[in-house]
Amino acid sequence: MNFNKITGLVTAFIVGIFLLFPCTGGADDVVIITNKSVSADTLKEEDVKNIFIGKITSWNDNQKINFATLPNGDEIHRTFLKKFIKRTPEQYSRYWKKQIFTGKSRIPRSFQTEKGLLEYVASTKGAIGYVSTGQITDDIKVLTIQF
Amino acid sequence: MNIMKKFFLVMIIVLFGLANQVQAMEFDDLGGIEVHGFISQGYLLSDENNFFADTEKGTTQFNEMGINFSSDVTEKLRLGVQFFARDMGTIGNNDVVLDWAIADYRWRDWLGVRAGNMKWVNGLYNESRDVDMLRTPIFLPQGVYNEAWRETSALIQGAGMYGELPANKVGSFSYDMQYGSMSMPVTGGPAKLLKDQVPGGLKKYYHITDVELESVNVDETFADAVKWNTPLEGLVIGGTYWGYDFKAAANTYIDLNALKSDAVAYQQLVPLRGVPAALLTPTQQAYQAALTQLDAAGLGAFYTDVNNNTASTVGLGGTVTQTYPTLFRVKARTLTGSMEYTWSNLVLAAEYMQTTYNVDIQNTIWKDYYRTPDGMLNVPEFDAVGYYGSLSYRFTYWFELGLYYSEYYRNKDDKDGETRYINYGGLEPKHRAWSKDYCMTTRFDINENWVLKLEGHVMNGTAVIYGADNPDPIGGVAGSQYEEDWYLGAAKVTYSF
């Protein structure tokens with residue numbers, strides 16, 4: 001098989017794949033919530049990202065950050081990642097698996113439902129998470145994010 | 001299968017079953033100890049050349065498995081350990097080894113310390129190269145992630161510092177500094193690689209049949225990496241400087257019968273020395289030219305010694321080998337430059353790596369060849385280079401396509417292999433000097449736990465394969481076992497939790 005033939009086959013394959021799988025996106029709005037023990041009221045967008053990829057691990061008052069996530073496949077999770085982390089759920093999942101399998105970190109705490117995540121944030125000191133706007137309760141604090 | 005292997009396999013099966021039951025990746029029931037594992041099984045097939053295993057026939061000797069345990073002892077201190085086993089042809093053989101095992105104290109986000117067996121930082125992907133599901137392709141680009149060095153460049157045993165330094169408008173910087181030693185087994189990859197380092201000229205004139213590694217003493221290993229998370233979202237630029245120094249003792253096996261024959265022939269040629277060409281027949285002139293070549297190679301005294309001292313080995317029939325101790329001293333310093341850009345489902349990456357080698361090889365039997373009293377060969381410093389460009393795109397949550405092109409050169413000043421061909425006495429083809437690899441790979445994420453990959457490589461050149469895996473010349477013609485253009489196919493399935 002000559003090189004031109006291989007190049008042609010590869011090109012045809014790639015074009016075909018693009019046509020087969022159109023991109024998707026879009027979801028409800030997401031808010032960042034914390035436990036009431038957290039003194040911060042605002043966060044920079046960059047700080048949210050660094051918290052959820054494990055690069056910032058403590059609040060300004062040295063309280064440990066306990067962040068929580070929703071599972072892959074959840075639309076709120078996808079929206080949160082796209083808006084704040086700039087990654088897809090698959091990329092985010094692979095990032096954390098890399099941390100786990102190279103001995104650098106533990107896996108983030110994950111909840112199957114927004115309700116479960118909300119309860120965890122409300123009851124855990126230093127906790128931070130995200131939910132859709134319709135889930136907000138008086139038990140947690142909603143942070144203002146500076147973009 | 002020994003007891004350790006059996007125990008490891010049973011433990012993995014039990015824990016994989018447990019992971020399926022709970023569908024969770026945290027084991028609070030184990031007192032806060034997290035357990036994760038993976039097991040991969042692959043298949044390799046090449047139309048020519050054996051790629052680190054018997055791939056020409058097709059092989060399933062291509063797998064990895066690991067299981068790790070970690071726990072946060074305090075808010076800042078974490079302990080973890082991973083056991084690992086792999087098989088790739090004659091490398092690994094599924095022997096269970098202690099992989100990473102670390103104590104990690106994160107004092108501040110900008111300063112943490114680790115001690116123990118740490119995954120070796122280099123470029124974008126070296127730390128995770130043992131775990132298949134963490135990347136798109138089955139094989140990372142060989143230009144930078146040479147499979148030949150995988151065993152030795154996986155871990156640094158020692159201590160290190162790491163941290164994250166915010167830099168406001170210019171993004172942030174991550175750093176990782178490691179210092180210690182490394183493990184280099186006397187069998188497997190490094191042993192095969194050292195065999196390939198003995199110049200072919202020596203093999204030819206001294207009838208070296210094998211080089212067997214006896215021991216390795218690593219003096220130091222270090223790796224310093226920095227990554228710049230640029231203000232352009234998704235763009236990461238990094239650099240790693242790493243190196244190691246080691247000494248290796250090996251035995252060189254020499255075919256004395258063949259050597260003696262050459263020595264006897266040499267003695268018969270000696271009378272031709274200095275005779276004017278006009279007085280010689282064409283055949284004698286050819287013999288005289290051969291004599292001149294052997295004298296130029298410094299073999300006269302050696303052949304005379306052989307002729308005088310090993311008479312009893314002549315005429316025995318078959319191969320009579322004798323061992324001679326050989327010492328390798330290797331110092332390597334590598335610079336890796338990396339760039340990765342992620343934009344939505346598209347990931348672009350490119351890396352360049354250059355390794356400067358200082359190698360000494362010492363064996364008293366070839367002191368005449370090198371005209372040094374102690375038989376020391378100071379191999380002139382040389383640079384191996386490799387680079388690649390890659391892209392991957394995830395079309396949907398279950399399908400990802402990846403492409404890359406990679407080049408590798410054993411010596412950047414001899415990319416066409418001309419000099420190497422001469423130094424190796426014509427025993428190896430010129431294309432042993434380079435490797436060019438066009439790869440297309442597909443990744444199917446069946447679910448959160450299962451990944452299937454299929455991948456094809458169009459290869460040109462044979463620099464990244466071992467001579468030891470390709471030992472048999474076709475029709476006895478030296479170097480004919482290597483094919484310049486070849487194809488490699490790979491399939492792999494991985495389960496992880």
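# Close-up views of a predicted two-chain model

**View 1. Meet the buried side of helix H5 in chain A.** The buried residues of H5(A) are Glu114(A), Gly116(A), Leu117(A), Leu118(A), Tyr120(A) and Val121(A). Keep in mind that this is a predicted model. What do those buried residues of H5(A) pack against? Their neighbours are S1, S3, H3, S4 and S5 of chain A.

View 2. Strand S3 of chain A takes in residues 66–69, and two bridges join it to S4(A). These two strands run parallel. Pick out Thr69(A) and look for its bridge partner in S4(A): that's Ser110(A).

View 3. Chain B has eight helices and 16 strands, and 53% of its 497 residues count as buried. Take contacts in chain B between residues at least 6 apart in sequence: 69% of them join residues at least 24 apart. In this view, strand S6 (residues 155–166) of chain B is joined to strand S7 (residues 172–181) of chain B by ten bridges, and the two run antiparallel. Gln157(B) sits opposite Ser181(B) in S7(B). The hairpin of S6(B) and S7(B) has five residues between the strands, and there Asn168(B) takes a positive phi near 50 degrees. S7(B) also pairs with strand S8 (residues 208–229) of chain B, again in the antiparallel sense, over nine bridges. Look for Tyr175(B), which stands opposite Val226(B) in S8(B).

**View 4. Val198 of chain B is tucked into a loop.** You'll find Val198(B) in the loop between H2 and H3 of chain B. Is Val198(B) buried or exposed? Its relative accessibility is 3%, so Val198(B) counts as buried. Leaving out residues up to four places away in sequence, Val198(B) touches Lys203(B), Ile208(B), Val211(B), Phe328(B) and Tyr424(B). Val198(B) and Thr252(B) are 54 residues apart in sequence, with 9.9 Å from C-alpha to C-alpha.

**View 5. Peek into the second largest pocket.** This pocket holds about 930 Å³ of space. It's lined by 40 residues, and the closest to its centre are Gln197(B), Val379(B), Phe382(B), Arg420(B) and Tyr424(B). Several elements of chain B give two or more residues to the lining, among them helix H2 (189–197), helix H3 (200–206) and helix H8 (418–423). Which element gives the largest share of this lining? That's S12(B), with seven residues. Sorted by class, the lining of this pocket has 27 nonpolar, six polar and seven charged residues.

View 6. A search of the whole structure turns up four cavities of 30 Å³ or more. The largest cavity contains about 200 Å³ of space. Of its 20 lining residues, Val144(B), Asn146(B), Trp149(B), Trp242(B) and Met353(B) are the closest to the centre. S11(B) gives the largest share of this lining, four residues. The lining of the largest cavity splits into ten nonpolar, nine polar and one charged. The second largest cavity has a volume of about 60 Å³. Residues lining this second cavity include Thr102(A), Lys104(A), Arg114(B) and Glu127(B). By class, its lining has two nonpolar, three polar and four charged residues.

Conventions: Residues are numbered from 1 along each chain as its sequence is written. Chains are lettered from A and ligands numbered from 1 in the order in which they are written. This is a predicted model: local features need pLDDT of at least 70, side-chain atom pairs count only at pLDDT 80 or more; totals for chains, interfaces and linings use all residues. Side-chain values use heavy atoms; hydrogens and water are left out. Two strands pair if DSSP finds at least two bridges between them. On a 1 Å grid over the protein atoms alone, a cavity is a set of points where a 1.4 Å probe fits but cannot get out, and a pocket is an open set with protein on both sides within 12 Å along at least five of seven lines; lining residues have an atom within 4 Å of a point. Grid points are joined across faces, edges and corners, and a volume is the space filled by probe spheres set on the points. Ala, Val, Leu, Ile, Met, Phe, Trp, Tyr, Cys and Pro count as nonpolar, Asp, Glu, Lys and Arg as charged, and the others, Gly among them, as polar. Buried means under 20% relative accessible area, exposed over 50%, partly exposed in between (1.4 Å probe, protein chains only). Contact means heavy atoms within 4.5 Å.
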